Amino acid sequence: MYELVQVSEKCYYINCPAKIGVYVADKDHVCLVDSGNDKDAGRKLRQILEKNGWNLTAILNTHSNADHIGGNKYLQGQTGCKVYSGGMEAAMFIPAHAEASADIKELVRYNRNKVHEVADRILSICKEPICFERILQEVFKGYGLVMNFEQYVLVGSTVRSYLSWLKDSGKLAVTFQDSMLLWKRVSC
């Protein structure tokens, strides 16, 4: 994966699980927008930069999710680059997990549909009282994800957010059994 794609004279992105922006400040120096999810992603990014003769000057983080800042420490240690955090705006919208676009209406529609698809999957998993670990296991199986510590934390956090939202919207209820929190779909 990790393929460099040019979108304008000075702007590129690296096509990978969480797309990474590349801004070419001059022929030798670049800034990254995000750094991937871990040290391995950082290594792959460094190889791409070296292959193009670029020195990394800075990483601009769009937000602090693990899949956007995971390569920071490695890249900073290897290159001495600075790391900046804060909001960013651009005329061209380059989302981390979709194709670059100037019009995001279709992406918004897709994301809304995906949110409801995931919510429906979680509701179907919760037909009977079930603990979080089993829910997470079923989500991983259902989407063909590979479990490792980083994915456990990242996807686990996302699933917890869904569970909270579904509970707050009255679609899930919680019970305690043998000192364990269990989630169950509320009957319609």
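This is a predicted model: local features need pLDDT of at least 70, side-chain atom pairs count only at pLDDT 80 or more; totals for chains, interfaces and linings use all residues.
Residues are numbered from 1 along each chain as its sequence is written, and side-chain values use heavy atoms, with hydrogens and water left out.

The protein chain contains six helices and eight strands (DSSP runs, H or I of at least four residues for helices and E of at least two for strands, numbered from the N terminus). From the N terminus, their order is β-β-β-β-α-β-α-α-β-α-α-α-β-β. The C-alpha trace spans about 60 × 35 × 30 Å along its principal axes. Of the 188 residues, 34% are buried (under 20% relative accessible area, with exposed meaning over 50% and partly exposed in between, for a 1.4 Å probe and protein chains only). Among contacts (heavy atoms within 4.5 Å) between residues at least 6 apart in sequence, 53% join residues at least 24 apart.

Helix 3 covers residues 72-79, and Asn 72, Tyr 74 and Leu 75 are buried in it. These residues lie on the same side of helix 3, because they cover an arc of only 165 degrees around the axis (taken from the directions from the helix axis to the C-beta atoms). Lys 73 and Gly 77, on the other side of helix 3, are exposed. The cover over the buried residues of helix 3 includes strand 4 (29-33), helix 1 (39-51), strand 5 (55-61), helix 2 (66-69) and strand 6 (82-85).
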